[in-house]
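Dear colleague,

Please find below the structure that I am handing over to you. My findings follow directly after it.

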Amino acid sequence: MTRTLIPPEFLVKIDHVRCRRCKRCILNCGFGALSFQDRIVADSSRCVACHRCVTFCPEGAISVERNPLCFKPNAHWTPEVIKAIYKQAETGGVLLTGMGNDRPYINYFDHLLLDACQVTNPSIDPLREPMELRTYLGSKPNSVQVETRDGEHVLATRLSPQITLETPIIFAGMSFGSISLPAHKALARAAHLSGTLMNTGEGGLHRELYPYSSSIIVQVASGRFGVNQEYLDRAAAIEIKIGQGAKPGIGGHLPGEKVNQEVSQTRMIPEGTDALSPAPHHDIYSIEDLSQLIYALKEATRYTKPVGVKISAVHNAAAIASGIARAGADFIYIDGFRGGTGAAPTIIRDHVGIPIEMAIAAVDDRLRQEGIRNQVSLIAAGGFRHSGDVAKAIALGADIVAIGTAALVAMGCRVCQKCYTGNCSWGIATQRPELVQRLDPEEATERLVNLLRGWSLELKEILGALGVNAVESLRGSRERLRGIGLNQVELEILGVKPAGR
Ligand code: SF4
Ligand code: SF4
């Protein structure tokens, strides 16, 4: 087949009067959309709207527009659906995509509003009063015993290992391989500087991240990439990855072309081979099997660090979470259907899983009903966009929120959703050496630190408006939320009243 029926999604326009033919745009485009033939020529069919050329053109001579080509308006057969059929008719393969679900499903965060204090319980001014965002990751006892020894009060209860976070926001799991080393390093350093955590994802721990290992959660996924005693010893916490929000029930696949020498060393697999992590762990077929792995990891690390389990948000997440808590996990990480990914089948990303808002509420409810909520910290992830989403997630019952896509955006990502191609023009989701070197880890670190700081300050503002001075007091406070535009069943699942009540 020689002729494609797929029209370009975007149009690259060059203003040849302004252009001084410096060719910077050609160098900057990781997708090969620009070339020089007497003058700059654009192949719009290759453009993914990553905006790298627009940002770096010194003359402002490039613009990228959505292709106005009009399909006959049809609410059922949308242009996306038609283009997907063209593409499969031309390739005969599974359609891949990167990043999170972009379909217009209801976003429950946008249908929840936070309450505020007025007269009888006045609000607090965060500029004048101390506000506590400190959060502890790890299993908590339901009560503590205090003994008096030599006139001193000492804690008699032995606490499970805890990690102190200066903000309830951590970085979500993103593997070295799916993202570049500078991006991984920036996340680790920003977490370290901000008193929080980053997560290695399933790609092992690169040696250059060792200095920050007290701020790193390492993953044990089904592929067991990079897992050895040193890997476990260096971590602040260990996470068994069962599922991922963007692709519930699907394993991981890093194409061989991204497995360069460094990725191969870090993952402990041969260079150039596909890194396949199967959907199931082949030693876990029950909660008892999961419990065995949790305790094997605790034994291996002498019970010094929290061990948790990551699952994707699915309809029975509450029952699964109860099993995970009873299996001895110190934390549960739930990833909603808007979670990002380096690569996933589009059909899975867009149609499988449930919203994180529903999963948090259902899990928190179930664990409270069973009297085991304290046994685990609850981490929620999946498309968090701002501190308002974070506050609402905590009010629904999460202890901690993990951000992935927002962190990549802070580093320059334009959410072009082409991570699976390995051509990221911003040097983030790529292993191509000439692209990787574009991301300055120092600058990216600073941007990430700023993002965390900004969101944390806003969280304090929200707490003040709610009249509470600690994020701990917000956790599970659903009476501080009101639903708007939701039906009775949705309100019941979320455990919130409608606005006006
Ligand atoms: S970067 Fe701008 S000025 Fe330079 S060649 Fe490209 S369009 Fe022309
Ligand atoms: S990481 Fe890069 S390729 Fe992926 S969505 Fe962002 S800009 Fe696009």
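In this predicted model, helix 4 passes helix 14 in a right-handed crossing. Helix 4 spans residues 181-194, and its axis comes within 8 Å of that of helix 14 at a crossing angle of roughly 45°. The two helices are therefore oblique to each other. On the side of helix 4, the contact is made by Pro182, Ala186, Leu187, Arg189, Ala190, Leu193 and Ser194, which meet Pro441, Glu442, Ala444, Thr445, Leu448, Val449 and Leu452 in helix 14. By class, this contact has 10 nonpolar, two polar and two charged residues.

Helix 14 (residues 441-466) also packs with helix 11, at an angle of about 55° and with the axes 9 Å apart. Helix 11 and helix 14 are therefore oblique to each other, and their crossing is right-handed. Here Ser387, Gly388, Val390 and Ala391 in helix 11 meet Trp455, Glu458, Leu459 and Ile462 in helix 14. The residues of this contact divide into five nonpolar, two polar and one charged.

Helix 11 itself (residues 387-396) has 10 of its 10 residues buried, so it is largely enclosed by the rest of the structure. The buried residues include Asp389 and Lys392 as well as Val390, Ile394 and Leu396. Just after helix 11, Gly397 takes a positive phi of about 140°.

A further helix pair is formed by helix 8 (residues 317-326) and helix 10 (residues 356-369), which pack at an angle of about 50° with their axes 8 Å apart. This pair is therefore oblique, and the crossing of helix 8 and helix 10 is right-handed. From helix 8, the residues Ala317, Ala318, Ala319, Ala321, Ser322 and Ala325 meet Ala362, Val363, Arg366 and Leu367 in helix 10. This contact divides into eight nonpolar residues, one polar and one charged.

How many of the residues of helix 8 are buried? Seven of the 10 are, so helix 8 is largely enclosed by the rest of the structure. The buried residues are Ala317, Ala318, Ala321, Ser322, Gly323, Ile324 and Ala325. Their cover includes helix 7 (287-300), strand 17 (307-312), strand 18 (331-335) and helix 10. Just after helix 8, Gly328 takes a positive phi of about 105°.

Strand 18 also holds Asp335. With a relative accessibility of 5%, Asp335 counts as buried. Leaving aside its neighbours within four places in sequence, Asp335 is in contact with Gln244, Gly245, Lys310, Ile311, Ser312, Ala313, Ile356, Ala381 and Gly382. One of these, Gln244, is 91 residues from Asp335 in sequence, yet their C-alpha atoms are 5.9 Å apart in space.

Most residues other than glycine have a negative phi. Asp38, although not a glycine, has a positive phi of about 70°. Asp38 lies in the loop between strand 2 (34-37) and strand 3 (39-42), and at 64% relative accessibility it counts as exposed. Met268 is likewise not a glycine and has a positive phi of about 60°. Met268 is found in the loop between helix 6 (261-267) and strand 16 (275-277). At 47% relative accessibility, Met268 counts as partly exposed.

Finally, I turn to the ligands. Ligand 1 is surrounded by 13 residues, of which the closest are Cys19, Cys22, Lys23, Cys25 and Cys57. The shell around ligand 1 divides into eight nonpolar, no polar and five charged residues. Around ligand 2 lie Met99, Cys413, Arg414, Val415, Cys416, Gln417, Lys418, Cys419, Cys424, Trp426 and Ala429. By class, the shell around ligand 2 has eight nonpolar residues, one polar and two charged.

With kind regards

Terms used: Residues numbered from 1 in each chain as written. Chains lettered and ligands numbered in written order. Predicted model: local features only at pLDDT ≥ 70, side-chain atom pairs only at ≥ 80, totals over all residues. Heavy atoms only, no water. Near = heavy atom within 4 Å. Nonpolar A, V, L, I, M, F, W, Y, C, P; charged D, E, K, R; others polar. Axes fitted to C-alpha atoms, helices over the stretch in contact; angles between N-to-C directions. Helix = DSSP H or I, 4+ residues; strand = E, 2+ residues; numbered from the N terminus. Parallel < 35°, antiparallel > 145°, perpendicular 65-115°, else oblique. Left-handed = near helix turned anticlockwise from the far one by under 90°. Contact = heavy atoms within 4.5 Å. Buried < 20%, exposed > 50% of the residue type's maximum accessible area, 1.4 Å probe, protein only.
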